[in-house]
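Good morning, and thank you for making time for this item.

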Amino acid sequence: MAQQGTPRNRAPLAELPVATGAIVPQSSPTPGQTAATPQRNVLAPRLIHSPSANIPDSILTPTLSPEEMIIRQRGRRRRPIIWSPDHNERALFPSPMKTPTKNISTMTLRSSPRKRSLMQEFADVPSISGGYSSPSKRMPQTARTSVGDTPGTSTKKSRWEETAMNRVDESIPLDTILKGYSREQLIGIIGLLVEKNGQLEGAVRRELPLPDISPLDGELGRIRKNIYACVPNQKFFSRTDGHGFLRAATHLATFKQTIHSQSQNLYASRHWDALLDYVLMAWTHVRETPVYDNVKHNATRRYCFKLLAHHANSALKHGALGLGTERVARFQQKLPCMMVDCADISECSKCIDYIMKGF
């Protein structure tokens, strides 16, 4: 260990000798240099600044591989072949590859007799433009004509002739033909006949019968049976509880809609006598509907009673004396029992008293 105060013989950051046994010259710092200033020979070019001296020649100048030599022998890169109908550009860069032409065979393929007959048939039929048309274009034209049709007739005309024949055929009864028409068509036919003949209207009015309400009665009875059939009558099941109402809710809605449509039809057609008879008939069906334990579930029943009471009052007001004594008396006889079911029917008593005084 050096003694304290002894000067250092080597400058700091001095380069160590490279060769073995080489002695780095020791120099003491000059008066113009300090110990931290390196000497000039440190910055001289050394072996580390020229690494190529230690790299072999095979790495600096490598030999070309066979693939690289082939690539260099190809020369400059040409434009790719353009597959387009532009023959001018294709002529500038002709492709060395050419598709071989097919050898045209002299053998004629044999076809079936059916195919030869079809081709001969298509060849014999000329088109409108003077040439030959394809079979697909001629199919709709041939499909228009049917068996027994002449070229001058059309489908609409043939249908019209068939309809006219059914109309004038006296072997078919008139009532049988009229059954195929709808209500609107029958109303239009009668209106057209009355319009052409003024006296015919009076004759038709005298022959008009009372509307038949028996089909309406049968429809209401069928729906009422469905209301009871949807809930089985068993020991542990009740038809009037909430569960029974949920199972019959659909049939109750159908029953309500049916009464509304039937009564509205008679009201719109101004058949007051038939409307009053319908009220008596439908009231019985509404009364036979189940009464549920919950008051809210009886809304359909209350609606039907009020609707029938309204139509009964309208029939009595508009029909008045034209309803007839027997019909009004029959309604008056059943009125007390109907008032128990719905209090709104009591308004009809005033109309009945006024009508009975007129007789």
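Let me begin with exposure: a residue is called buried under 20% relative accessible area, exposed over 50%, and partly exposed in between, with a 1.4 Å probe and protein chains only. With 46% relative accessible area, Leu193 is therefore partly exposed, and Leu193 is found in helix H8. Helices are DSSP runs of H or I with at least four residues, numbered from the N terminus.

A word on provenance. The model is predicted, so local features need pLDDT of at least 70 and side-chain atom pairs count only at pLDDT 80 or more, whereas totals for chains, interfaces and linings use all residues. Residues are numbered from 1 along each chain as its sequence is written, and side-chain values use heavy atoms, with hydrogens and water left out.

Leu193 belongs to a nonpolar surface patch together with Leu174, Leu178, Ile189 and Leu200, and the accessible area of the patch is about 410 Å². Helix H7 (174–178) and helix H8 (183–196) each give two or more residues to this patch. Patches take residues with over 30% relative accessible area and no salt bridge, and nonpolar side chains (Val, Leu, Ile, Met, Phe, Trp, Tyr) are joined within 5 Å, like charges within 9 Å. The areas come from the Shrake-Rupley method with a 1.4 Å probe, and for residues only the protein chains shown count as cover.

I turn to the open spaces. On a 1 Å grid over the protein atoms alone, a pocket is an open set of points with protein on both sides within 12 Å along at least five of seven lines; in a cavity, a 1.4 Å probe fits but cannot get out; lining residues have an atom within 4 Å of a point. The largest pocket holds about 720 Å³. Its lining comprises 21 residues, and those nearest the centre are Arg183, Ile187, Leu208, Ser269 and His271. H8, helix H9 (198–206) and helix H11 (242–268) each contribute two or more lining residues, with H8 giving the most, at six.

The second largest cavity has a volume of about 70 Å³. Among its lining residues are Leu252, Phe255, Tyr292 and Arg301. H11 and helix H13 (299–319) each supply at least two residues of that lining.

Finally, the charged pairs. What is the count of salt bridges in the structure? There are five, a salt bridge being a side-chain nitrogen of Lys or Arg within 4 Å of a carboxyl oxygen of Asp or Glu. In one of them, Glu201 pairs with Arg205, with the closest N and O atoms 3.4 Å apart. These two residues are four apart in helix H9, so about one helical turn separates them. Glu201 is partly exposed at 34%, while Arg205 is exposed at 58%.

Glu288 and Arg224 form another bridge, with closest N and O atoms 2.8 Å apart. This pair links distant parts of the chain, 64 residues apart: Glu288 sits in the loop between helix H12 (272–287) and H13, and Arg224 in helix H10. Arg224 is buried, at 18%.

Arg330 bridges to Asp277 at 3.5 Å between the closest N and O atoms, joining helix H14 to helix H12 across 53 residues. Asp277 is buried, at 15%. Shared partners in salt bridges join Asp277, Arg327 and Arg330 into one network.

Methods
Grid points are joined across faces, edges and corners, and a volume is the space filled by probe spheres set on the points.
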